[in-house]
Amino acid sequence: MSSSGEFFDRTEFVQYFRDETEELLQSIDSDLLRLEGYVDTKALDPEIVNSLFRALHTIKGSAGMLEFVAVQQIAHKLENIFDLLRKDRMPLTEGGINLLFEGRDVLTALVRVAVAGGEAPGGVDDYVQRLDAFAEIYDSTAQVIEGPRGEADDEETLAPVDDERVAAFQAEVERMLAEANAKQPAPAAPAVDLDDAQAAVDAFLSLSPIAAVAAESAVAPAPREWPAQPAVAAAPAQQDHKRVGVAKNQTIRVDIERLDLLLNLVGELVINRTRISDIASTLGRELGNKGGAGRGMAALAKDLSESSALLARTTNEIQESIMKVRMVPIGQVFDRFPRTVRDLAKARGKEIRLEIFGADTDLDKTIVDEVGEPLMHLVRNCIDHGIEAPAVREARGKPRHGTIKLNAYHEGNQVILEISDDGAGIDLQRVREKAIRNGVIDENDRLSDREIIELIFTPGFSTADQVTDVSGRGVGMDVVKKNILRLKGVFDVDSVQGEGTTFTMKMPLTLAIIQALMVRVADELYSIPLDAVIESQRIDASDLRTVHGGEVITLRGQVVPLIRVGEFFRLGAPRDPDKVMIVIVGLQGRQVGLVVDSFQGEQEIVIKPLSDVIGRIAGISGATILGNGSISLIIDVHSLVASAYGSGRATRAEFSGV
Amino acid sequence: MSESTQVVSFKLGPEEYGVDIAQVQEINRMVAVTKVPRAPVFMEGVINLRGQLIPIIDLRTRFGMPRAEHTKNTRIVVTEIGTKRVGMVVDSVSEVLRLPLDAIEPAPDMITGVDTEYIRGVGKIDDRLIILLDLAKIVTGSEKRELETTDIETAA
């Protein structure tokens, strides 16, 4: 292939390469973690090694096609190591596995540079040297060991195939592999070359029934018995082939923007469907009124209304299906953690077991993409601040191994994500002292335990005595919390000193569709996300009080500040002198009453962002298009609650109820 | 024949303006605009354009002219600037003109109404003057300034 650019759209392929490689690197990571369990056991799960070999082989092939030479080179060298492992020519040692983990990271860095450009990562040459040196030992010893091996004789008797035919086959396989390498098959269509390889395998298998048995045993667990080249070389091809048939055909990659576009179009369809239904029923009524209209017309009107009902059903199903398409399992995020935990635990000299539950819990793609960072930060926090060193744990009568649990499950219309550790818990005394030293609170402030825990969300707050490269780098819990809030999630911490800490995040299933309470304020219909609504009430104006110049009501003994939405948004609506309609919204134990003109019921709405041309508007988080085509703005409960509590109208002590 | 450019021309008051036809996506009659509270003053609101939310700028207010009553001639010119779609309310849309490039002159310092910052040039065709607008600046440029002032207001 001379100039690859002539034959395919390079950008698209690079993107494909990036996505595919990202997945493969992820699988390499988890396979390496599994493999680590076999260190020094002298036994190996050949399936893991094969899977690693295949992944690297694919990366190598794709990188070659795109002329990412550095990636190709490292993938090739790593592939060789797995080849040695697979052929049992190399024992699996701790040093080896660390070198492989490192190789995976080098590869990741090289891929990133290849795809996105930028500085080549440092230390690659050094790594290659170490890797080569490492591999060389076994490559040469393997040849020495090979000779006197007794098994070779067994093989002779097992497979009485004449040498000539084996040699011919070997040459054929080599030719095909070389050809496949030269072609560097497009990842989209690897089946063509694999078919050839498969044919070669089939041809070989047809040589003799005994050889077939032997070849199969080579594919399966015991490569030791079968050092002969052909079967081993063919094995990955055969398994690749199977994988192509089973997995690849069942999923396709779709740009999320195309789905968004589709969702928009469906929204349009929904609106038009409503109009058609309206027209159908109006027509029916009109014809009924006139009475004299011909039978034919009446029948037509009936047809129209039936078919519009059908249209309605189909449209709803399409809408639901598209929403489902956007859902992906949270496991995509969780998969990153075993490696992080392993590396960090090692670096900190801690022993940590990671348990993952509910990895198949589905969430909207947007949330899954955004939630990774905050989760990672929390996991790092657990490792760094939560879990104690093994010796400390033993002294406290706990198992040496600390445990971090990641859990995800659905609860109603929400997904709950939990990260918990059985570590030291949050040291309330230390948090308090630190907060006093930083001037966040006063020495005389009396705070509940819960309020003290809340202090860790103060920007720049860290109880770590020394700054490590794990956490305590200034990216604080405040950022984590902010990110979760931005995703319309609720964030909660529960900590028992000496027993551990649990972070709980409640996330909406999807950011795109929510339940909303519709309210009218000065001729405009606003939507309030229902998950933030606690209750709605009609209250006599005489029950209103003022505190520090702000209006409040007392609700079951708790003082709740009010915001008049019409005035906050400067809509100029007159106040009702007798009654006030109040929607109580709450976040994190803080409540605010929103004064509106009337309640208009609940509704499912599709959230659309306001154009960035408009910029950020305080109190508005987006908009939605209603069934009749009109627009309703969505009230940003977070910013309203923040403004009620941040403006000095209410002091924290007064509203600290939980 | 010299090179030329095509512009969509429209009116604000007595003056005639033009925008590059490549930036115009469509021209619509006036529809109900949903007000966005606390947005910059020239931001008329948002409209629903076949399921998409399009912000609407009142071009008169944008240029510091007095607001006008909407008439049957009032139009929303939906433009596409980069990836952003913005609708602009104008008094009326006149026509699509072909302007020879050599008929376009740089904006004179003194020009009626509009800040020269938003002007790419002035086209002369017969005895008409078409003020050619730089849409990107109208949408982004000083709207930031407006937003900043809104913020200050909010903070106060």
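Of the 156 residues of chain B, 34% count as buried, and in chain A, with its 658 residues, buried residues make up 32%. This is a predicted model, and it scores ipTM 0.82 and pTM 0.52. Chain B contributes 20 residues to its contacts with chain A, which for its part contributes 24.

**Overall make-up of the two chains**

- Chain B has three helices and eleven strands, and their order from the N terminus is β-β-β-β-β-α-β-β-β-β-β-β-α-α.
- Chain A is made up of 21 helices and 18 strands.

**Where chain B meets chain A**

- Among the 20 residues of chain B that are in contact with chain A, two or more come from each of strand S4 (43-49), strand S5 (52-58), strand S7 (84-90) and helix H3 (143-155) of chain B.
- By class, this side of chain B holds eleven nonpolar residues, together with five polar and four charged ones.
- Helix H3 of chain B, which is one of these elements, has a mean pLDDT of 40, the lowest among the elements of that chain, and its part in the contacts should be read with that value in mind.

**Strand S7 of chain B and its partners**

- Five of the seven residues of S7(B) are buried, so this strand is largely enclosed by the rest of the structure.
- S7(B) runs parallel to S5(B), to which three bridges join it, and in this pairing Gly87(B) of S7(B) is the residue that stands opposite Ile56(B).
- With strand S6 (residues 75-81) of chain B, S7(B) pairs in the antiparallel sense over seven bridges, and Arg85(B) in S7(B) stands opposite Glu80(B).
- S6(B) and S7(B) form a hairpin that leaves two residues between the strands, and in the turn Gly82(B) has a positive phi of about 65 degrees.

**Glu80 of chain B**

- Glu80(B), which lies in strand S6 of chain B, counts as partly exposed because it has 14 C-beta neighbours inside 10 Å.
- Leaving aside residues up to four places away in sequence, Glu80(B) touches Gln23(B), Gln25(B) and Arg85(B).
- Glu80(B) and Leu135(B) are 55 residues apart along the chain, while their C-alpha atoms are separated by 9.0 Å.

**Nonpolar cores**

- In soluble globular proteins, nonpolar side chains tend to be buried together.
- The largest nonpolar core has 75 residues, and those with the most contacts inside it are Ile528(A), Leu594(A), Val36(B) and Val46(B).
- Strand S8 (residues 513-521) of chain A gives this core its largest share, which is six residues.
- Apart from it lies another core, of 36 residues, which includes Leu363(A), Leu375(A), Ile387(A) and Ala408(A).
- Not counting residues up to four places away in sequence, Val46(B) touches Leu610(A), Ala623(A) and Ile631(A) in chain A, and in chain B its contacts include Thr34(B), Val36(B), Leu53(B) and Ile56(B).

- Helix H2 (residues 46-65) of chain A has 20 residues and reaches 28 Å from its first C-alpha to its last, close to the 28 Å expected at 1.5 Å a residue.
- Of the 20 residues of H2(A), 18 are buried, so this helix is largely enclosed by the rest of the structure, and just after H2(A) the residue Glu67(A) takes a positive phi of about 60 degrees.
- Helix H4 (residues 94-116) of chain A has 23 residues, which at 1.5 Å a residue should span 33 Å, and this agrees with the 33 Å between its end C-alpha atoms.
- The buried residues of H4(A) include Leu100(A), Phe101(A), Arg104(A), Leu107(A) and Val111(A), and just after H4(A) the residue Gly117(A) takes a positive phi of about 80 degrees.

**Confidence in chain B**

- Chain B averages a pLDDT of 82, with 83% of the residues scoring at least 70, and among its elements strand S3 (residues 24-29) has the highest mean, 93.
- Over residues 142-156 of chain B the pLDDT is below 50, although this stretch has seven contacts in the model beyond near neighbours in sequence.
- Where pLDDT is low, the predicted coordinates should not be read in detail.

Methods. Residues are numbered from 1 along each chain as its sequence is written. Chains are lettered from A and ligands numbered from 1 in the order in which they are written. Two residues are in contact if their C-beta atoms, placed from the backbone, lie within 7 Å. Helices (H or I, at least four residues) and strands (E, at least two) are DSSP runs, numbered from the N terminus. Ala, Val, Leu, Ile, Met, Phe, Trp, Tyr, Cys and Pro count as nonpolar, Asp, Glu, Lys and Arg as charged, and the others, Gly among them, as polar. A residue is buried if 20 or more other C-beta atoms lie within 10 Å of its own, exposed if 12 or fewer, and partly exposed in between; C-beta atoms are placed from the backbone. Two strands pair if DSSP finds at least two bridges between them. The expected span of a helix is 1.5 Å times one less than its number of residues. A nonpolar core is a set of buried Ala, Val, Leu, Ile, Met, Phe, Trp, Tyr and Cys residues joined through C-beta atoms within 7 Å. pLDDT is the predictor's confidence in each residue, from 0 to 100.
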